[in-house]
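Student: I have a new structure to look at. Can you take me through a few residues?
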Amino acid sequence: MDINRDRIVVGVDGSSSSVAALRYAARMATALDAPLEAVITWSYPAFVDPYLVAHWSPEEDAEEALAAAISRAFDDDPPEDLVRTVLAGPPAPSLIDLSKTSAMLVLGSRGHGGFVGMLLGSVSAACAQHAHCPVLIVHTSADADEQANDEDQQANDEPGGSGSDAA
């Protein structure tokens, strides 16, 4: 088994945050002359109709989502040596396992799931806490805009608050 401990692994789920992480990881890989690996995970839902399983492949969906994210990140001109990996399993444990043989793990701050307004998604938080290599979490301007909107909404919801500091 060829383990490349110099590689930069970026977790991708198709969200705009993961696309931004992919772009940033590519710049870092170029600057550090390190291999770059884009990783997406997939799993069957806990409860699924057997009929659907026969006609649906979450692995193929994951492959398509990874290809679409790479296309969005690089305008159909990805880095030549980009490695694409599709893994079966839950995202956080899979990425944490990959971190054992990586120089760095790069993630977007928020994926598709979770609650609006959270600073970190559950996968990013778990990886930041348990990874075996440095973890870089990329925040996008959309994350900052979302956080500012949430803070404005909270100020407007406070009793007697207008959301403004003006008296």
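Student: Leaving aside its neighbours within four places in sequence, which residues is Ser 102 in contact with?
Tutor: Ser 102 is in contact with Arg 5, Arg 7, Val 9 and Cys 133, where contact means heavy atoms within 4.5 Å. This is a predicted model, in which local features need pLDDT of at least 70, side-chain atom pairs count only at pLDDT 80 or more, and totals for chains, interfaces and linings use all residues. Residues are numbered from 1 along each chain as its sequence is written, and side-chain values use heavy atoms, with hydrogens and water left out.
Student: Where is Ser 102 found?
Tutor: In the loop between α4 (91-98) and β4 (104-108). Helices (H or I, at least four residues) and strands (E, at least two) are DSSP runs, numbered from the N terminus.
Student: And is Ser 102 buried or exposed?
Tutor: Buried, with a relative accessible area of 9%. Buried means under 20%, exposed over 50%, and partly exposed in between (1.4 Å probe, protein chains only).
Student: What does the side chain of Ser 102 reach at 2.7 Å?
Tutor: The backbone oxygen of Leu 98.
Student: What about Val 39, where does that lie?
Tutor: In strand β2 (residues 36-42). The C-alpha atoms of Val 39 and Arg 84 are separated by 6.2 Å, though the two are 45 residues apart along the chain.

Key: A polar contact is a pair of N or O atoms within 3.5 Å; within protein, one must be able to donate a hydrogen and the other to accept it, and residues adjacent in sequence count only if both atoms are side-chain atoms.
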